[in-house]
Amino acid sequence: MGEGEEFIELRFRLYDGKDIAHGTYKSTMTVSTLKQKIVADWPQGNTVTPKSINDLKLIHSGKVLENNQTLAECTITMGDHPDDVVTMHVLVQPSKSKRRTVKSKKDMQKLNRCGCIIL
């Protein structure tokens, strides 16, 4: 480890309570790089699996972290002891699929007043 470099010990908590990608990371690392590590370390067999870093949101101290921020810019709050591990929560939000479009007059008749399709 280089002199003058700051490191932060992190773990990432999934929706089911599992922790993944526990390790020590440079404070100059970006959130998008962390997300790549999380996608690579994602446990097999989970019902919800991210396909890319765009499907993930990292949350720390109630704030969603931006991809272009470094850990230092995120002002990661440490615990009372320097040896504490910082826990970030991982939210999986797959990108939304395109809305179903109406193609025929018959389908148009199935629309309600707000434009939603009635099945």
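I read the chain along its sequence and noted the pattern β-β-α-β-β-β-α. That makes 2 helices and 5 strands. I took helices (H or I, at least four residues) and strands (E, at least two) as DSSP runs, numbered from the N terminus.

The model is predicted, so I kept its limits in mind: local features need pLDDT of at least 70, side-chain atom pairs count only at pLDDT 80 or more, and totals for chains, interfaces and linings use all residues. Residues are numbered from 1 along each chain as its sequence is written, and side-chain values use heavy atoms, with hydrogens and water left out.

**Whole chain**

I looked up burial next. Of the 119 residues, 27% count as buried; buried means under 20% relative accessible area, exposed over 50%, and partly exposed in between (1.4 Å probe, protein chains only). The chain exposes about 8700 Å², an area from the Shrake-Rupley method with a 1.4 Å probe. I then checked contacts, meaning heavy atoms within 4.5 Å. Among those between residues at least 6 apart in sequence, 51% join residues at least 24 apart.

**Sheet**

I traced the strand order as β2-β1-β5-β3-β4, an open sheet of 5 strands with mixed pairing. Two strands pair if DSSP finds at least two bridges between them. Which strands stand at the edges? They are β2 (19-26) and β4 (63-64); each has a single partner strand, so one side of each is left without a neighbour in the sheet.

I followed β1 (residues 7-13) to β5 (residues 86-92): the two run parallel and are joined by 4 bridges. Within β5, Thr87 stands opposite Arg11. I also looked at α1, which packs on the sheet and touches β1, β2, β3 and β5. The direction of α1 makes about 115° with that of β3; axes here are lines fitted to C-alpha atoms, for helices over the stretch in contact, and angles run from 0 to 180 degrees between N-to-C directions.

**Salt bridges**

I found 4 salt bridges listed for the structure. The criterion is a side-chain nitrogen of Lys or Arg within 4 Å of a carboxyl oxygen of Asp or Glu. Side chains of opposite charge can pair when their charged atoms come close.

I noted Arg11 with Asp19 at 3.7 Å, N to O. Arg11 is partly exposed at 26% relative accessibility, and Asp19 is partly exposed at 36%.

I noted Lys18 with Asp16, where the closest N and O atoms are 3.8 Å apart. Lys18 counts as partly exposed because its relative accessibility is 40%; Asp16, at 37%, is partly exposed as well.

I noted Asp41 with Lys37, whose side chains meet at 2.9 Å, N to O. Asp41 has 32% relative accessibility and counts as partly exposed, and Lys37 is partly exposed at 35%. Salt bridges that share partners join Arg11, Arg13 and Asp19 into one network.

**Asn46**

I went to the loop between α1 (31-40) and β3 (56-60), where Asn46 is found. Is Asn46 buried or exposed? Asn46 is buried, because its relative accessible area is 12%. Leaving out residues up to four places away in sequence, Asn46 touches Leu14, Tyr15, Asp16 and Lys18. With Lys18 there is also a side-chain to side-chain polar contact of 3.4 Å. A polar contact is a pair of N or O atoms within 3.5 Å; within protein, one must be able to donate a hydrogen and the other to accept it, and residues adjacent in sequence count only if both atoms are side-chain atoms.

I placed His22 in strand β2. What does His22 touch, not counting residues up to four places away in sequence? The list is Glu9, Leu10, Arg11 and Val85. The side chains of His22 and Glu9 are joined by a polar contact of 2.8 Å. I also looked up His22 and Ile38, which are 16 residues apart in sequence and 9.7 Å apart in space, C-alpha to C-alpha.

Last, I looked at Glu5, found in the segment before β1. Glu5 is partly exposed, with a relative accessible area of 34%. The C-alpha atoms of Glu5 and Ser27 are separated by 7.6 Å, with the two residues 22 residues apart along the chain.
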